[in-house]
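Have the viewer open while you read.

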Amino acid sequence: MANDPKAPTTPAAQITFEQFTETTLRAVLRAVEAQKLPHRPIIIGIIWNPEGMPGIPQAGKKE
Amino acid sequence: MANTKINAALLCPSAQPEMAGAAVFGLVQGTGTSPRVAYLDRAVPLTPELIAIATPVKPTEVFRIGAPCAGSCCQHFGQGRCGLAGRIVQLAPAVVMNAPPCALRPNCMWWRQEGVNACLRCPQIVTHMHGASAELVEAATPLTGAKLTDDSNHPL
């Protein structure tokens with residue numbers, strides 16, 4: 001259950017702007033490793049909805 | 001149209017780099033199978049130079065990007081709410097014990113809607129994610145049933 005998780009014991013990480021470049025490099029290397037995983041990637045975030053965009057006719061509707 | 005006004009001021013914490021006002025607020029650390037976002041002490045505008053640093057991978061595999069909520073232009077949005085944030089809180093486990101310090105939080109759509117429960121789950125989210133758990137795949141699936149794979153996500 002999502003609301004009954006194993007109690008996480010780790011605090012979230014935080015980095016300063018000065019650490020940014022070095023940390024970005026590590027992040028790129030992590031992503032390269034992740035690309036080797038067998039599952040297809042997914043998008044967890046915004047997925048465009050063409051019907052919600054202004055100027056694009058919606059299905060079944062005439063402009 | 002109160003919802004439209006409210007959401008126009010809020011930021012999506014899992015946005016795409018092409019979006020106007022995109023800013024990096026986190027970097028994905030951890031491992032390939034267990035990613036964890038490290039949060040910047042301030043958000044940084046996403047510039048072409050920054051995108052170049054992420055090469056050869058996508059910026060969304062490396063950065064967490066915030067940008068204004070797209071509202072009805074996003075398949076997760078409906079009835080003034082972000083369905084993605086709701087499903088993440090419902091389905092995904094908490095992965096940190098406290099809400100991380102986050103530069104996006106004051107205007108974050110997920111925070112505004114789900115409160116600290118979203119923040120406790122946020123560090124496991126990679127916008128373009130390889131090897132996602134079944135729970136995250138389900139959470140990321142819009143109710144419209146759109147494909148989740150990258151080729152379905154065409155920006156403006």
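This is a predicted model: local features need pLDDT of at least 70, side-chain atom pairs count only at pLDDT 80 or more; totals for chains, interfaces and linings use all residues.

Which residue in β4(B) does Ala23(B) stand opposite? Ala23(B) faces Gly66(B).

## Ground rules

Residues are numbered from 1 along each chain as its sequence is written, chains are lettered from A and ligands numbered from 1 in the order in which they are written, and side-chain values use heavy atoms, with hydrogens and water left out.

## The two chains

Let's start with chain B, which has 7 helices and 7 strands. Helices here are DSSP runs of H or I with at least four residues, strands are runs of E with at least two, and both are numbered from the N terminus. Along the sequence, chain B reads α-β-β-β-α-α-β-β-β-α-α-α-β-α. Of its 156 residues, 55% are buried; buried means under 20% relative accessible area, exposed means over 50%, and partly exposed is in between (1.4 Å probe, protein chains only). Among the contacts in chain B (heavy atoms within 4.5 Å) with a separation of 6 or more, 71% come from residues 24 or more positions apart.

Chain A brings 1 helix and 2 strands, in the pattern β-α-β. Buried residues make up 33% of its 63 residues.

β2(B) is mostly covered, with 7 of its 8 residues buried. On one side, 7 bridges tie β2(B) to β3(B) in an antiparallel arrangement, and a hairpin joins the two through 4 residues. Val28(B), for instance, stands opposite Val37(B) in β3(B). β2(B) is also joined to β4(B), again antiparallel, by 4 bridges. Leu27(B) has Phe63(B) of β4(B) as its bridge partner.

## Chain A's helix on the sheet

Helix α1(A) covers residues 20–34. Buried in α1(A) are Phe20(A), Thr23(A), Thr24(A), Ala27(A), Val28(A), Arg30(A), Ala31(A) and Ala34(A). They take up an arc of only 165 degrees around the axis, so they sit on the same side of α1(A); the arc is that of the directions from the helix axis to the C-beta atoms. An α-helix has 3.6 residues a turn, so residues three or four places apart point the same way. On the other side of α1(A), Thr21(A), Glu22(A), Leu25(A) and Leu29(A) are exposed.

What do the buried residues of α1(A) pack against? They pack against β1 (13–15) of chain A, along with β2 (23–30), β3 (35–45), α2 (48–54), α3 (59–62) and β4 (63–68) of chain B.

## Around Leu10(B)

Leu10(B) lies in the loop between α1 (2–9) and β1 of chain B. Its relative accessible area is 4%, so Leu10(B) counts as buried. Leaving out residues up to four places away in sequence, Leu10(B) touches Ala67(B), Pro68(B), Cys69(B), Asn107(B), Cys108(B), Met109(B) and Arg112(B). Leu10(B) and Trp110(B) are 100 residues apart in sequence, with their C-alpha atoms 9.1 Å apart in space.

A disulfide is a pair of cysteine sulfur atoms within 2.5 Å, and the count over all chains is 0. Cys108(B) is in no disulfide either, with the nearest cysteine sulfur, that of Cys102(B), 6.3 Å away. Cys69(B) is buried at 16% relative accessibility, and Cys108(B) is buried at 8%.

Key:
The expected span of a helix is 1.5 Å times one less than its number of residues. Two strands pair if DSSP finds at least two bridges between them.
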